[in-house]
Amino acid sequence: MGMPAQFHVLAVDDSLIDRKLIERLLKTFSYQVTAVDSGSKALEFLGLNDGNGDEDRNSSGAAEVGVNLIITDYCMPGMTGYDLLRRIKQSSSFKDIPVVIMSSENIPSRINRCLEDGAQDFFLKPVQLSDVNKLRPHLIKTHSNINKRKGMEDDIHSPVPDRTRPRYNELEVV
């Protein structure tokens with residue numbers, strides 16, 4: 001049964017219940033999930049917690065941590081999801097990683113500000129399975145970009161392995 005997780009999602013929410021819900025939804029799609037309860041812990045996990053502007057240690061930070069997407073609550077004590085979004089987008093190592101903001105409050109000006117400042121999407125809580133399904137295109141794009149940075153070749157025909165088709169090395173060349 002042990003198919004390896006294809007994508008790694010960093011989930012950030014100060015609410016234990018919401019964190020467990022998003023973790024369970026993400027794992028339904030076989031995503032690897034790292035869940036933390038604050039923006040500062042997310043920055044610490046990413047290695048961006050030094051406190052000054054662009055504190056990247058090297059240009060392969062995203063590849064090293066292996067995070068393909070960050071999903072964060074908007075309303076959190078200390079650092080909001082918006083603040084976290086801004087820090088990630090200012091980082092040369094992590095700026096290409098999609099960030100999705102979640103909130104239980106439907107405030108159009110807040111949603112627009114997040115999207116204008118680089119959020120890939122904005123989900124209203126409670127997050128649904130259909131919302132998580134919308135993450136796949138963002139994950140595929142990021143996964144592909146990280147592999148390029150690592151020097152891996154991408155399969156241009158199928159960025160995510162399709163288990164129903166034989167792999168290229170199993171096909172006979174005619």
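Entry 1: A salt bridge here is a side-chain nitrogen of Lys or Arg within 4 Å of a carboxyl oxygen of Asp or Glu. Side chains of opposite charge can pair when their charged atoms come close. I then checked accessibility. Glu 105 is partly exposed, at 34% relative accessible area. Arg 110 counts as buried, at 16%. (Buried is under 20% relative accessible area, exposed is over 50%, and partly exposed is in between, with a 1.4 Å probe and protein chains only.)

**Entry 2: ground rules.** I noted that this is a predicted model, where local features need pLDDT of at least 70, side-chain atom pairs count only at pLDDT 80 or more, and totals for chains, interfaces and linings use all residues. Residues are numbered from 1 along each chain as its sequence is written, and side-chain values use heavy atoms, with hydrogens and water left out.

**Entry 3: helix H5.** Which residues of H5 are buried? In this helix, residues 108–116, I found Arg 110, Ile 111 and Cys 114. They lie on the same side of H5, because they cover an arc of only 100 degrees around the axis. (The arc is that of the directions from the helix axis to the C-beta atoms. Helices, H or I with at least four residues, and strands, E with at least two, are DSSP runs numbered from the N terminus.) On the other side, Pro 108, Ser 109 and Glu 116 are exposed. What do the buried residues of H5 pack against? I listed helix H4 (81–90), strand S4 (99–103) and strand S5 (121–124). Contact means heavy atoms within 4.5 Å. Just after H5, Gly 118 takes a positive phi of about 115 degrees.

Entry 4: I looked up Asp 117 next. It forms a salt bridge with Arg 86, the closest N and O atoms being 3.9 Å apart. Asp 117 sits in the loop between H5 and S5, Arg 86 in helix H4, 31 residues apart.

**Entry 5: the whole structure.** How many salt bridges does a search of the whole structure find? I got 8. One joins Lys 125 to Asp 13, the closest N and O atoms being 2.7 Å apart. Lys 125 is in the loop between S5 and helix H6 (129–133), and Asp 13 in the loop between strand S1 (8–12) and helix H1 (16–28), so the pair ties together parts 112 residues apart in sequence. Lys 125 is buried at 15%, and Asp 13 at 1%. Both belong to a network of salt bridges that also links Asp 18 and Asp 73.
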